[in-house]
Amino acid sequence: MPQSPAERRVVVTGPPRRTRPVSGYYRPRTEIDEQTTLGHTYVRSLMRTQLRAGLTVFAVLGLLIGPLPLLFAAMPDARGLVWLVLGFGLYAPLVLLARWYVRRAERNERDFVRLVEDR
């Protein structure tokens with residue numbers, strides 16, 4: 001006998017309410033703690049990004065301060081200008097560069113922690 005449309009059953013599916021822990025669960029933190037090859041790769045990646053930020057700051061600093069001795073040699077009688085440039089002209093860029101570096105390093109570390117903790 002065929003069922004009428006009113007008598008049909010409806011199957012409702014959804015996510016399982018309980019999940020069992022998987023035995024082979026991947027945890028980057030244990031990889032780092034056990035010093036496996038993958039853990040070494042994670043740490044090397046963090047160190048590489050920190051080194052890249054440091055080298056960027058060093059390059060900008062070199063381009064900012066490097067030409068100053070040539071500029072000062074071209075103007076031998078401008079001692080007041082030298083002190084003004086060194087005292088006031090470089091202070092703001094150095095502070096901004098240091099602030100950028102600290103923010104970048106903290107962001108790199110935050111990203112690394114987020115990667116390791118699986119968030």
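**View 1. Q50 and the residues it touches.** Leaving out residues up to four places away in sequence, Q50 touches A105, N108 and E109 (contact means heavy atoms within 4.5 Å). This is a predicted model, where local features need pLDDT of at least 70, side-chain atom pairs count only at pLDDT 80 or more, and totals for chains, interfaces and linings use all residues. Residues are numbered from 1 along each chain as its sequence is written, and side-chain values use heavy atoms, with hydrogens and water left out. You'll find Q50 in helix α2 (helices are DSSP runs of H or I, at least four residues, and strands are runs of E, at least two, numbered from the N terminus). With 15% relative accessibility, Q50 counts as buried (buried is under 20% relative accessible area, exposed is over 50%, and partly exposed is in between, using a 1.4 Å probe and protein chains only). The side chains of Q50 and E109 are joined by a polar contact of 3.4 Å (a pair of N or O atoms within 3.5 Å; within protein, one must be able to donate a hydrogen and the other to accept it, and residues adjacent in sequence count only if both atoms are side-chain atoms).

**View 2. N108, a partner of Q50.** Now hop over to N108, which sits in helix α5. Its side chain makes a polar contact of 3.0 Å with that of Q50.

**View 3. The salt bridge between D111 and R114.** Here the side chains of D111 and R114 meet, 3.3 Å from N to O (a salt bridge is a side-chain nitrogen of Lys or Arg within 4 Å of a carboxyl oxygen of Asp or Glu). Side chains of opposite charge can pair when their charged atoms come close. Both D111 and R114 belong to helix α5, 3 residues apart, which is about one turn of the helix. D111 is partly exposed at 36% relative accessible area, and R114 is partly exposed as well, at 43%. The total count by this rule is 1 salt bridge.

**View 4. A nonpolar patch around W100.** W100, Y101 and V102 together make a nonpolar surface patch of about 270 Å². Patches are built from residues with over 30% relative accessible area and no salt bridge, joining like charges within 9 Å and nonpolar side chains (Val, Leu, Ile, Met, Phe, Trp, Tyr) within 5 Å. The areas come from the Shrake-Rupley method with a 1.4 Å probe, and for residues only the protein chains shown count as cover. W100 is part of helix α5, which covers residues 91–116, and is partly exposed at 38% relative accessible area.

View 5. F58 lies in helix α2, residues 37–65, and is exposed, with a relative accessible area of 62%. The C-alpha atoms of F58 and L97 are 9.6 Å apart, although 39 residues separate them along the chain. An unreviewed UniProt entry places the feature "transmembrane region" at residues 53–75 and 81–102; UniProt positions use the numbering here, feature names are shortened, and annotations may be inferred rather than shown by experiment. In the model, residues 53–75 are 87% helix and 0% strand, with end C-alpha atoms 34 Å apart. Residues 81–102 come out at 95% helix and 0% strand, and their end C-alpha atoms are 31 Å apart.
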